[in-house]
Amino acid sequence: MPHTMFFRSLRQINLFVGMGVRRSIAALLVMAIAGTALSSRLQAQTFTNGSKPVVTAVLASVDEQEADLAYLARVVGEPAAADLVGMLSAPYKPIVNTDQPVGFLLAMRGQQPEPLLVVPTTNAKGILKQFEAQIGEVTELDDDTFKFSVQTQDVFVKQLANQAVIGISQAGLELVPANPLPLYADLAEQYNLAVRLEMTEVPPVILDQFLQSVEQGFAMIFFNLGGGVAPGDDEDLAELMAEIEKVFRETKLLVLGIEIDSEEGLFALDYSYTAVEGSETAQDMNARQPIPSRFASVIREDAVLSLHHAVAVSPLVVEAVEEFKTEWPEMSEDLLLLMPVEDPEAAVEYIGRGMEIIGDSLLAGRFDFGAQVLATPGDAQVAMGMFVADGDKLETLIKELVEWVPYDPVAPEIVFDLETYQGVKLHRFRIDLSDVEGLSNELFGEKMDLYLGTAAKAVYVVAGKDSLKQVKQFIDSGKADPNPVRPTTQFQLRMLPMIEAMQPVADKEDAKEMARAIKAIKRGDDSAGIGFQVTAIPDGQRFRFVIEEGMLRFGAEMKLIEDEQKLDADVLE
């Protein structure tokens, strides 16, 4: 496609990033119900009755929020928003300690929930008197406690040494220790906004009632979708509720945190899950440990894109694979009816052999995959590698597929068994890109060589200029893995090397826009990326998503370029 269209696609990528990752309904349900957790190492102080908060939420101090939000506003090119942040925080500065966080705690007093708000102030009495016209008469009780009413609900405020606690009962206030800060200080130190859920603190009776209401809701949905099948007779509903109940009863701790770090230059979202110790879910999570990887060399800071996933296969995955293999004969019979080919039986048999390779690879107990895109000015290479249980079987499948494909004069020129390097058979696919518009043929060459390497336990794919040399280097890099202790999954996308690679071969107008984008990125520390990591923690996993400062600057610059183009178009009209 033309260069302008290609560069416009970069703007679409940025738009997608700005909109965020849209989660599926199922994921939202699990996250909203099950909660969020950073790791099992988080230790919070208890209430005076020995329990922990069911829910802990924290908002960082006014000073920190003001500084971080103003920084974020400047980075994204909205300096006026930084002034707005100061205006919004100004009313709170005279009434709270601006260097202390605000905490929200949900306690359980028996089976009675007690919501509690902890505000950093030493002058609760003065603040209540100041707002008495708005909240109504304030009654001072014993022991620095005050009472007022909102409609029919009594509200109680108790002054502690450095905080005031707000609740709906005096008995609830008594649950809060003299110094409540340790209940949420660990979250406040790391995040601007965070929520922690202690599922094991939910009384069993309340959890049972909740699950019953969930089942009733799903039963109605299944009844309507099933054409009037009685909910009690629906096996799918029973299986779904069994899974949902297992999630809730085997969840221990979850935390969600949002972090703005002006010193490191990033915006981050943290989410992690910890299962109940000794549960089936905890055993499955503990099995998902990082393993030595043959493809760890893809993890490099100068890559445009890198994705690495090296983890031991968990028992639940093994169980799912074995169940699939058992059900495949029946599934293949249904698939026969859907195959739009002359010989559907041969096609289904071929698919079955492919599924067998995938299944056997997972049953081998390891998932090892790595992919990267490298780019230098005017040049790009793509590389990918993956563990397979039987590389010879995969090679046979690929060769058979090539034989089945009808002759096409523009099809790639294929040479199988070109050579063998370090036990890896190399096969070349020469692809003609001369008729492809845009940057592809200039970055990868008019005749792009793609090398497929098949080994006993691995498959490699490398494409781009000088790809034969690259595939051999990729093979050599897998001989040793010096750091098997790492996140189980790592993904990184960097804009700077991508734009710098495209600029020399772009047309004049696009090259000019790219130069502006490069300049915007380099105003910071040259970091312009997004990425995520999944890390194993005891009985659970932690997920961290990061947007670097340069990526935010890049987005602001792309928005500015788009606005200027619209303005120019309006002037011409």
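The model is predicted, with local features requiring pLDDT of at least 70 and side-chain atom pairs counted only at pLDDT 80 or more, while totals for chains, interfaces and linings use all residues. Residues are numbered from 1 along each chain as its sequence is written, and side-chain values rest on heavy atoms, with hydrogens and water left out.

**Overall makeup**

The chain holds 19 helices and 20 strands, these being DSSP runs numbered from the N terminus (helices H or I, at least four residues; strands E, at least two). Of its 573 residues, 44% count as buried, where buried means under 20% relative accessible area, exposed over 50% and partly exposed in between, with a 1.4 Å probe and protein chains only. Among contacts (heavy atoms within 4.5 Å) between residues at least 6 apart in sequence, 66% join residues at least 24 apart.

**Nonpolar cores**

A nonpolar core is a set of buried Ala, Val, Leu, Ile, Met, Phe, Trp, Tyr and Cys residues joined through side-chain atoms within 4.5 Å. The largest such core has 36 residues, and those with the most contacts inside it are Leu443, Met495, Ile499, Ile521 and Phe554.

Leaving aside residues up to four places away in sequence, Leu443 touches Gly378, Asp379, Ala380, Lys465, Ala501, Met502 and Val505. A second, separate core of 20 residues includes Val54, Met199, Val214 and Met285.

**The pair α9 and α10**

The axes of helix α9 (residues 204-225) and helix α10 (residues 235-249) come within 11 Å and cross at roughly 150 degrees, the axes being lines fitted to C-alpha atoms over the stretch in contact, with angles from 0 to 180 degrees between N-to-C directions. That makes α9 roughly antiparallel to α10, a term for angles over 145 degrees. Among the α9 residues that meet α10 are Leu207, Phe210, Val214 and Phe218, and their counterparts in α10 include Leu237, Leu240, Ile244 and Phe248. The residues of this contact divide into 12 nonpolar, no polar and five charged.

**An exposed methionine**

Met87 is found in helix α4 (residues 79-89) and is exposed, with a relative accessible area of 60%. Met87 and Glu66 lie 21 residues apart in sequence and 9.7 Å apart in space, C-alpha to C-alpha.

Definitions and conventions. Angles under 35 degrees count as roughly parallel, over 145 as roughly antiparallel, 65 to 115 as roughly perpendicular and the rest as oblique. Ala, Val, Leu, Ile, Met, Phe, Trp, Tyr, Cys and Pro count as nonpolar, Asp, Glu, Lys and Arg as charged, and the others, Gly among them, as polar.
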